[in-house]
Protein chains: 2
Amino acid sequence: MSTTSESIARTARQAGNVLKTISNEERSKLLYKIHDGLKANAELIRKANILDLENAKKNGLADSLFKRLDLFKGDKFDTMLQGVKDVADLEDPVGKVKLARELDEGLTLYQITAPVGVLLVIFESRPEVIANITSLSIKSGNAAILKGGKESINTFREISDIIKRVISENEKITGIPQGAIQLIETRQDVSDLLCQDDYIDLVVPRGSNALVKQIKSSTKIPVLGHADGICSIYVDEDADLEKAERILLDAKTSYPAGCNAVETILINPKFSKWWIALESLSRKGNVVLHVTDDLKDAFFHELDKAGRMDGFIKEHTVDVNEEVDFDKEFLSLDCAVKFVSTVNEAVNHINEHSSKHTDAIITENEEHAEYFLKGIDSSGVYWNASTRFADGFRYGFGTEVGISTSKIHARGPVGLDGLVTYQYQIRGQGQIASDYIGSGGKKAFIHKDIDLSKVSL
Amino acid sequence: MSTTSESIARTARQAGNVLKTISNEERSKLLYKIHDGLKANAELIRKANILDLENAKKNGLADSLFKRLDLFKGDKFDTMLQGVKDVADLEDPVGKVKLARELDEGLTLYQITAPVGVLLVIFESRPEVIANITSLSIKSGNAAILKGGKESINTFREISDIIKRVISENEKITGIPQGAIQLIETRQDVSDLLCQDDYIDLVVPRGSNALVKQIKSSTKIPVLGHADGICSIYVDEDADLEKAERILLDAKTSYPAGCNAVETILINPKFSKWWIALESLSRKGNVVLHVTDDLKDAFFHELDKAGRMDGFIKEHTVDVNEEVDFDKEFLSLDCAVKFVSTVNEAVNHINEHSSKHTDAIITENEEHAEYFLKGIDSSGVYWNASTRFADGFRYGFGTEVGISTSKIHARGPVGLDGLVTYQYQIRGQGQIASDYIGSGGKKAFIHKDIDLSKVSL
């Protein structure tokens, strides 16, 4: 544990304690100032970004990664700037009254949303992310320590210098201290900070599964993130063929690298047209099906009967490795497929093998659907809809902090809500507990909930 | 990691997956059956309890602990039985719709409460607790693995045998499998189970601080509990003397061993009558004040001036150990006391030293109070009320699972709500994501929230 990391974490904690008391108006005002600062210094940022691009070229970075580094490609920079203002304009996530209860006359309990405190956010090389994370953190009243991918280090430094300067120049007006946003640069810094569980409240890794797994295994601080996205779709005996075809194609092929893409298909063979859905997934989607022996036999048999068996299908149907493939996130045009004989068997398979991300049933049978919706232990459970809907934008969260597969605090796509927690406030007039029944006194509690629309604090 | 612990955890997970699908009616019905089973077998339980009491006597257990073991003292057994029915009659914590949003025509998103899954609950020797925890777990749809203090082992075994028998006899009716409640007996079992983070979702230790600390440091599973209760009260310059006297006395002396008792008092010396509040705490409450040098001088000076300095006060005023005492949970009639010169200084002291449990301000100054309520980073922040109100019964939660000092998931006194999480359900008609804007399609999302009073699932 280095002194530096302790001092960074302590600075963040102190800034977080101040930030917690700042009004939404001031937090939003600062975001507008940050927007203006980034806009006014676009040329400095462009120079830094060109440096990163040149280094990437020298280091022979893959083309797809290279494109991500270019902050001035198309309208990316303007979109980033607009994003800062969009977050500023969101409803205040802090100070929302979630419960108001009269404990006794003049003694009222409130449950109120409050910032989590100090965030450690780790993200990859897309340079625009730093502005997004900064906005989300400040808007939600949290101090943040940021670490971006090393390929964009010059851009990150420049942007973070500008942000710090803006915060500092406006400290007297907004009250928000400079330590509210800090940039760190090395993996060693991250490792050191993961030990600062006295100061840091939540780690948000946005990046590869390997990164998330490694972080989860090396810290006691709660981690908001998803290590795997092993999503399943169960095609029930009472499925509608058209829905099955469309949903499977969308869920597998529209963005195979997405964490909400389907990786496992469970087929109930009592659905007589099941093989058509698979055939269509393969032919239209170019998907390779990793299938069990019994399913392969039945699949080929049906295709033979229909006179539709050919080389393409043979090439796109391979033997599944049952030990591995049902726990695998392919992230490619591959899919593990097997038969299950009931919705119950499907639920059991999914609860054992899925990563608790998002799973769907395709059926017209309400009873089966309700059982599936109740039985699946994942953050998202869908009936007749593609798993690809698991996304903050699609859920209407305005902005997405990440997707969580942990079971407590925040689950699924996480908006600003995931960056706040709550506190209980009591406002009294000098009341003491020992006056009440249960602690030696005679007064009874009223415990009368107050209509939240009538509460203003 | 022993095979036994893995098999216990796996059994619990499977039972939890089933329990998740069981209706509130069946869960409550089972609790009534458990009530009946315990009542009918009172004599068996009494015999086991007598065995524990005899062993305790042999082992020379302290009198106060001995009393806690006696399940048939007064109406304790009947209260325990009534508690099972009371939990059965609570509102269903599972399946509550917290958000309903039309994403598009015929495509609806719901956020719905769901059981956490598998709980590992560790508690001390009070024999009645096992029935309470069993009720809370089943009511909230969670499977539970229970470990009680060894002094009540015979009583726990008997009660858990009866519970298992009742669950098993009613499995065909209620659908709840026997694995829903399992008892483990040794500390080794606990250590082994703390490694089963694939199967166990939440650890709830109810017991000594040492126990909670040890568990927190030895598991990756989230822990719901409080290691320390270092609560502070700040007596502001605009405090009301009578309120200060009453609240300090109640918060320190009504139950000094409670985690919500005050341990640190911060005094603003601009409040001219501060010394009277301390004098009264000492004389009426027999409290030993651990004070800083400057406070001692001022305190004695004021008492001298008023002609009220005497041996009692001298005996009850000792030098504080500044390095240690402001981070200490005395759990006795002792209190650390110092001066702070502003509400801001008080907030900073508390955010640095308190255990984020419950802290209070005594003041008639609204501005100071609002600043304190906003600035303090603890689960409970009170204005003119005793910290002793931090309690599930007093908050009106019906029943208390525990008190949490962690900052995410559940904070403060935790009722049944702390044993549930949420899931997102989507109910669609075959919609796919790539039809929508942002994923290559042209359809726009509606994102229209539905009035929850009109939602029935």
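This is a short walk through chain A as a whole, and then through one sheet that takes strands from chains A and B.

Some housekeeping. The model is predicted: local features need pLDDT of at least 70, side-chain atom pairs count only at pLDDT 80 or more, and totals for chains, interfaces and linings use all residues. Residues are numbered from 1 along each chain as its sequence is written, chains are lettered from A and ligands numbered from 1 in the order written, and side-chain values use heavy atoms, without hydrogens or water.

Chain A first. Its C-alpha atoms fill a box of roughly 80 × 75 × 40 Å along the principal axes. It has 17 helices and 17 strands; these are DSSP runs numbered from the N terminus, helices being H or I of at least four residues and strands E of at least two. Of its 457 residues, 61% are buried, where buried means under 20% relative accessible area, exposed over 50%, and partly exposed in between, with a 1.4 Å probe and protein chains only.

The domain assignment, which is automatic or from a database, gives domain 1 at 3–216 and domain 2 at 231–395 in chain A. Their centres, taken over C-alpha atoms, are 38 Å apart.

On charge, chain A carries 56 positive and 69 negative side chains, and the centres of the two sets lie 5 Å apart. Lys and Arg count as positive, Asp and Glu as negative, and His and the chain ends are left out. Each charge is placed at NZ of Lys, CZ of Arg, CG of Asp or CD of Glu.

Now the sheet. Eleven strands form an open sheet with mixed pairing, in the order S10(A)-S9(A)-S11(A)-S8(A)-S7(A)-S12(A)-S13(A)-S16(B)-S2(B)-S1(B)-S17(B). Which strands are at the edges? They are S10 (317–319) of chain A and S17 (448–449) of chain B, each pairing on one side only. Two strands pair if DSSP finds at least two bridges between them.

On the chain A side, S12 (358–362) and S13 (380–385) run parallel, joined by four bridges. Ile361(A) has Trp383(A) as its bridge partner there.

On the chain B side, S1 (97–104) is largely enclosed by the rest of the structure, because six of its eight residues are buried. Six bridges join S1(B) to S2 (107–115) of chain B, running antiparallel, with Glu102(B) partnered by Thr108(B). The hairpin has two residues between these strands, and Gly106(B) takes a positive phi near 75°. S1(B) also pairs with S17(B), antiparallel, over two bridges; there Arg101(B) is partnered by Asp449(B).
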